[in-house]
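Welcome, and please open your viewer. We will go from stop to stop, with something to select at each one.

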Amino acid sequence: MTLNAHVQQEKKALMQWLIRLGEQIQDGTVILDATSASPEILHCNEAFTKMMHGDADVLKEKQLHHFNDDVTQQELYQRFYFTLATGQQQQLTVITKRGDDTTFWNEVSGYPISSTQGDVLLFFCICRDVTSAINDGVFSNIEKDVYASIHEERSLQSTLYDVCEQVRLFMRRPVYTVICLKKNNQFYIAGKNDTFKQWHERNEQAFRAGPYIYDEEEMIVSNRLWHHNRTLFQEQDIHCVWQQRINNQQQRMVAHFSVYVDGSVRLTAQERMYLQRVTNLLNVYLQVQQQKEEIERLAYTDYYSTLPNHKYFTTSMQTIYRQRKDGHIVILEISESQHIIDLYGREGMSRLMEQMANQMQQLVGEPILLARYDNASLIVCNDRQYNMKKLNAHILDNLTSAAYELKEHKMYITLKVGVSKYSAETNWEEAIHHAEIALSDARKSIGTVMRMYDESLKQNLQKEMDLLTHLLEDLQQRKLQVYLQPQVDLRTGEIVSFEALARWHSELLGFVSPAEFIRVAENAGKIHKLDMYILHLVLEWQSERKRKGLPMYPVSVNISADHFYYPTFVEDFTKKVDRFNIEHELIKVEVTESIELNDMQRAKCIISELTELGFDVSMDDFGVGYSSLSYLQQLPFREIKIDRSFINNLIDQRMHAVMRTIVQLSKDLSLRSVAEGIETPEQQQKMLDIGCDIGQGYYFYRPMPLHEIDDILYKK
Ligand code: C2E
Ligand code: CA
Ligand code: CA
């Protein structure tokens, strides 16, 4: 546009006036020629020259967008000029590049300056460096993001990735940001942005290696290359690396934060300040994260051992279950747990569980979901369709054949294992319950046993529970009875003593065999109640006879293994007998041979104590177990009761010989031998021939209620 002389004059005068105005303003001012299609700089004040790190002559005749950063679009300026040309004020915030290639946020306020005719002749722009204000804003964004991520429990990885990305955006030029965390004394990259992605992936080690400047608080490495990675970084035209270590509360380095800057431009003081603030923020974030991890670790770890706990198991199960896979729940329990706790305490038990878990992991060969279920059991989820037969044969065999070591003692264990299946249809929580039921069933057997859950187990359990409830109720109401079965002199048939046997005629269930209800009471840990009740009835009967001055007979009572090892058994037993004022010689204690007499030392103490108090102890069901003979020599029994199965087999010549030896041996040890279950006169004769003194069985008498016994004794 060509201007007439008058307008030229006016433009010049306006310019002079604007220059003077500019000199009085502290911000940078620029006067642009509005009459040109691409407005160039006619004048700038000193403040602007300073802002640009340049000199005024160089700046003149340039256009504002020449100072643009690559990122800023030229269109912005087009629109800016267009609005000004229509006579309206306008503001623009752009990244501006200085002569030395550094950048800053420039807030440009433009004012159109018009002639008296109303034509816009000049643009007057006031420029402010608003970088620090913007940076504050940017920083508070990153801060908000990080705090939100803590609140929303976002993953560490995604939060650190975001931080790196924000830093990259902030820097407004190609930079590569990396956050490395320390784990097991090694750094791994926990956050990064995708700049130089391919190059980075090839040379990950160089970044992971971390600061080359550990020992310094903060340091800018610029144009100073460091030995082994020197060529690598040079290749990528990286001459500036900003790195800072992140320490934990104990001043140990837990992470490092690095910014690799492309090209040779150094970081500005502002950028360094920003990075410092990000480092501080990271520091806080990582500490919070660490505390959270610690709390989580504690919540998911067994209190006494390093093993994951039940909560960990159920939480992980939820994830596994969501994947809709089929699998098995396996609960493995150490049978000897009570012993181990007695000997080595809970501490020892925990060490043993850890050893077992390790062994299990090694045997399976791949990571499995495993946790401590309770004191003596591990729970395992087999979601890999690991063959259950293989588990049984291979893993259980190995777990129980290896020796475990506790406080320099070697030990072997046996396991009870309950297994159940879960699938997309069955609930896994129910599966855990089923595995428990299978385990309960496994506990009924001796040695290492694995049981797979099936419906009948649950039904049996329900039946047992019902039976137990009725039994305990009837016991409470004294509805159980005692029957006595006479024991006779095999030579004369004369009654010499009795065995007391529990009888239960339940109103609801009818007659229940002792074999059944005794087992249920034993499993439920209630057998001592029943034993003591039967003893009570026997003592009542005896004291009644005593009161009447009738002849007195010794009576044997059965004591279950569980009860026998009860800490206060001897004391309670003696107290009860003494309360009735019955001579100790009139009460005998029968313990079954299948009692776990493997705790030989304890058994010996208890038997000796009873014998010293005057109670004879009898070994019941002799010959059913394997080590009968060895027990005989070691434990101070007074009597053996030869099991019915032997007597049934007397026709067998070899059995006959074994029996003769046993009876002979017991005679040598001054033991009385009682033959159980004699049903025929032949059996009576055979036992006599062998040298047995006493017999008990249907051939002589059946177990009978007390009044019938009184009748028989009366008739004698
Ligand atoms: P046990 O101690 O071996 O008792 C002998 C069992 O053999 C009794 O069975 C008795 O009725 C049976 N019997 C006796 N003579 C003969 C015979 O000639 N032929 C046959 N076939 N059987 C004979 P019962 O009364 O059914 O008791 C079963 C088991 O229950 C007992 O075996 C004992 O272990 C246990 N038991 C009974 N009462 C009590 C008790 O009060 N406490 C404890 N802990 N266990 C008890
Ligand atoms: Ca018995
Ligand atoms: Ca018996």
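A donor here is an N, O or S atom within 2.8 Å of the metal (3.2 Å for Na, K and Ca), and sites may look incomplete because water is not among the atoms. Before selecting anything, note that this is a predicted model, in which local features need pLDDT of at least 70 and side-chain atom pairs count only at pLDDT 80 or more, while totals for chains, interfaces and linings use all residues. Residues are numbered from 1 along each chain as its sequence is written, chains are lettered from A and ligands numbered from 1 in the order in which they are written, and side-chain values use heavy atoms, with hydrogens and water left out.

**Stop 1: a pair of calcium ions**

Select the calcium ion (ligand 2). Which residues coordinate it? They are E499 (OE), N558 (OD1), E590 (OE) and D620 (OD), at 2.0 to 2.3 Å. Along the sequence, these donor residues follow the spacing E-x58-N-x31-E-x29-D. Distant parts of the chain are linked here: E499 sits in strand β19 (residues 495–506) and N558 in strand β21 (residues 555–559), 59 residues apart. Strands (E, at least two residues) and helices (H or I, at least four) are DSSP runs, numbered from the N terminus.

Now colour by accessibility. Buried means under 20% relative accessible area, exposed means over 50%, and partly exposed is in between (1.4 Å probe, protein chains only). E499 is buried, with a relative accessible area of 4%, whereas N558 is partly exposed at 25%.

Next, select the calcium ion (ligand 3). Which residue bridges the two calcium ions? D620 does, and the ions lie 4.1 Å apart. D620 is buried, at 7% relative accessibility, while D621 is partly exposed, at 22%.

**Stop 2: the nonpolar cores**

Show side chains for F564, F573, I587 and M687. These residues have the most contacts inside the largest nonpolar core, which has 76 residues. A nonpolar core is a set of buried Ala, Val, Leu, Ile, Met, Phe, Trp, Tyr and Cys residues joined through side-chain atoms within 4.5 Å. Helix α17 (residues 527–548) gives this core its largest share, 10 residues. Then look for a second, separate core of 31 residues, which includes M353, M356, A357 and M411.

**Stop 3**

Select helix α15 (residues 455–476) and helix α16 (residues 514–523). Their axes come within 10 Å and cross at roughly 90 degrees. So α15 is roughly perpendicular to α16. Axes are lines fitted to C-alpha atoms, for helices over the stretch in contact, with angles from 0 to 180 degrees between N-to-C directions. Angles under 35 degrees count as roughly parallel, over 145 as roughly antiparallel, 65 to 115 as roughly perpendicular and the rest as oblique.

Where do they touch? E464, L467, L468 and L471 of α15 meet E516, F517, R519, V520, A521 and N523 of α16, with contact meaning heavy atoms within 4.5 Å. While α15 is on screen, click D466, which is found in this helix and is partly exposed at 38% relative accessible area.

**Stop 4**

Select helix α6 (residues 156–171) and helix α10 (residues 269–300). Their axes come within 12 Å and cross at roughly 175 degrees, which means α6 is roughly antiparallel to α10. Residues meeting across the pair include L160, V163 and F170 in α6 and Y274, L282 and L286 in α10. Also in α6 is S158, whose C-alpha atom lies 7.7 Å from that of G191, 33 residues apart in sequence.

**Stop 5: two loop residues**

Most residues other than glycine have a negative phi. Click E153, in the loop between α5 (131–151) and α6: its phi is positive, about 55 degrees, and E153 is exposed at 62% relative accessible area. Finish at N581, in the loop between α19 (569–579) and β22 (587–592). The phi of N581 is near 60 degrees, also a positive value, and N581 is exposed at 55%.
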